[in-house]
Amino acid sequence: VWFITAVAISLGSENVQVYGLNNCEKIYRSQIGDFAPKLNHIFLVTGYRIEYQGSSSVSIDPNYFSVQLGGAQYPSSGATYYLDKIGKMYLSSLRLIGGGSTEGYVAYEIPLEMRDREFRLIYAGFEDVVLNYSCS
């Protein structure tokens, strides 16, 4: 068992803070709405609270986040937009300005054998950011 303690995305000299929702809850599903993962895969669903205190803005979109497990990266799944079917709100697409925050969940399709393993959160948006990530 592991938990995301916090993630800091460095944007120049400014930071975007990312916190795991519900004590860094990990949800595994074999189906989300009408979406089923491919053979020998499962959906990993995690939630984030993202806060930005900078003087510029930062782009947020579920498609800008992926998880790295072992030697591979897994992008967000289209099932993200149907997370209301399991009672979760998906992470919205928006630009956060200084003092702004947002929260929501993202689904990833991962191999079954990677279930319960520690992952690294990757940001691949328009801004040149560095993700500082820690779990324990």
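**Notebook: loops, cores and a surface patch**

I started with Asn40, which sits in the loop between S3 and S4. The model is predicted, and I read every entry below with that in mind. I looked up the backbone of Asn40 and found phi near 65 degrees, a positive value in a residue other than glycine. For context, most residues other than glycine have a negative phi.

I then went to Asp116, in the loop between S9 and S10. Asp116 is not a glycine either, yet its phi is positive, at about 70 degrees.

Where is Ser30? I placed Ser30 in the loop between strand S3 (26–29) and strand S4 (41–52). Is Ser30 buried or exposed? Ser30 has a relative accessible area of 58%, so it passes the 50% cut-off and is exposed. I listed its contacts, leaving out residues up to four places away in sequence: Ala36, Pro37, Ile42 and Phe43. Ser30 and Leu112 are 82 residues apart along the chain, and their C-alpha atoms are separated by 9.9 Å.

Phe35 lies in the loop between S3 and S4 as well. I found Phe35 in a nonpolar surface patch with Tyr81, Tyr82 and Tyr90. Together these residues have about 350 Å² of accessible area.

Next I turned to the interior. In soluble globular proteins, nonpolar side chains tend to be buried together. Which residues have the most contacts inside the largest nonpolar core? I noted Tyr48, Ile50, Phe65, Tyr108 and Ile110, in a core of 23 residues. I traced the strands behind this core. S4, strand S5 (57–60), strand S6 (65–69), strand S9 (100–111) and strand S10 (120–123) each supply at least two of its residues. S4 gives the most, with five residues.

Setting aside neighbours within four places in sequence, Phe65 is in contact with Ile50, Ile60, Pro75, Ser76, Leu91, Tyr108, Leu121, Ile122 and Tyr123.

I also logged a second, separate core of 10 residues. Leu21, Ile32, Phe43 and Leu83 are among them. Phe43 had already come up in my entry on Ser30, as one of the residues that Ser30 touches.

Definitions and conventions:
Residues numbered from 1 in each chain as written. Predicted model: local features only at pLDDT ≥ 70, side-chain atom pairs only at ≥ 80, totals over all residues. Heavy atoms only, no water. Helix = DSSP H or I, 4+ residues; strand = E, 2+ residues; numbered from the N terminus. Buried < 20%, exposed > 50% of the residue type's maximum accessible area, 1.4 Å probe, protein only. Contact = heavy atoms within 4.5 Å. Core = buried A, V, L, I, M, F, W, Y, C linked by side-chain atoms within 4.5 Å. Patch = residues over 30% accessible without salt bridge, like charges linked within 9 Å, V, L, I, M, F, W, Y side chains within 5 Å. Areas by Shrake-Rupley, 256 points an atom, 1.4 Å probe, with all protein chains shown as cover. Salt bridge = Lys/Arg side-chain N within 4 Å of Asp/Glu carboxyl O.
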